[in-house]
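Trainee: Please pick one part of this model and take me through it closely. Keep it brisk, and give the cut-offs as you go.

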Amino acid sequence: MLIATDEAGRVVKKPTKPAIGRMPANLQHGNAHLVLERVEEGMEGSWYVQVLLRDDNTYQLEFRDGVAAEHYQTRTISQEKVQTAMLGWAANKACRETSKSSQPGC
C-alpha cells in the first residue's frame, strides 16, 4: 500500500495516480516536503520516494529501496520530472539510473 504524507501532516492512503501527479504542484514554502512510502506486510526496510521544495525553488528528490545502499538523490528545477519520477516509483519502475545521472524520472 502507498501512503503519502506532506509537511503539514496530511496523510493520503492508497493515493491514485492523478493524486500523486498533483502532489508536487501542491508543495510551497511552509509545506515543502512530501514523502510517498510503500508499506507492505512482510516487507523489510524503508521504501519511499520523497521530495523537498528547497528555498532556491529547486526540487530535491530522493528514493530508497529498502536499504541504505539503495538510496539515491538528485535535484532538478523541473516539477514535471519530479512528477514523472514519483509516478514511476509508485508503479514499481526503477528510477536508479536516471537519479544517478541527476535527471530524475522513470
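Mentor: Start with Leu-34. Leu-34 counts as buried because its relative accessible area is 4% (buried is under 20%, exposed over 50%, partly exposed in between, with a 1.4 Å probe and protein chains only). This is a predicted model, in which local features need pLDDT of at least 70 and side-chain atom pairs need 80 or more, while totals for chains, interfaces and linings use all residues. Residues are numbered from 1 along each chain as its sequence is written, and side-chain values use heavy atoms, leaving out hydrogens and water.

Leu-34 sits in strand β3 (helices, H or I, are DSSP runs of at least four residues and strands, E, of at least two, numbered from the N terminus). Now look at its neighbours. Leaving aside residues up to four places away in sequence, Leu-34 touches Ala-4, Thr-5, Asp-6, Met-23, Pro-24, Leu-27, Val-49, Gln-50, Val-51 and Met-86 (contact means heavy atoms within 4.5 Å).

Next, the core. The largest nonpolar core has 20 residues (a core is a set of buried Ala, Val, Leu, Ile, Met, Phe, Trp, Tyr and Cys residues joined through side-chain atoms within 4.5 Å). Leu-34 is among the members that touch the most other members, together with Ile-20, Leu-36, Val-49, Val-51 and Met-86. At least two residues of this core come from each of β1 (2–6), β3 (33–38), β4 (46–53), β5 (59–66) and α2 (79–90). The biggest share is from α2, with five residues. Beyond residues up to four places away in sequence, Ile-20 touches Leu-2, Pro-15, Leu-36, Met-86, Leu-87 and Ala-90.

Step back to Asn-31. This residue lies in the loop between α1 (17–22) and β3. Asn-31 counts as buried because its relative accessibility is 6%. What does its side chain reach? It reaches the backbone nitrogen of Glu-7 at 3.1 Å. The backbone nitrogen of Ala-8 is also reached by the Asn-31 side chain, at 3.1 Å. Asn-31 touches Asp-6, Glu-7, Ala-8, Arg-10 and Asn-26, again not counting residues up to four places away in sequence.

Two loop residues deserve a glance. Lys-14 has phi near 55°, a positive value in a residue other than glycine. Lys-14 belongs to the loop between β2 (11–13) and α1, and is exposed at 62% relative accessible area. Asn-57, with phi near 65°, is also positive without being glycine. Asn-57 is in the loop between β4 and β5, and is partly exposed at 47%.

The protein chain holds three helices and six strands. Their order along the sequence is β-β-α-β-β-β-β-α-α. Of its 106 residues, 43% count as buried. Among contacts with a separation of 6 or more, 41% join residues 24 or more positions apart.

Notes: Polar contact = N/O pair within 3.5 Å; in protein donor to acceptor, adjacent residues only side chain to side chain.
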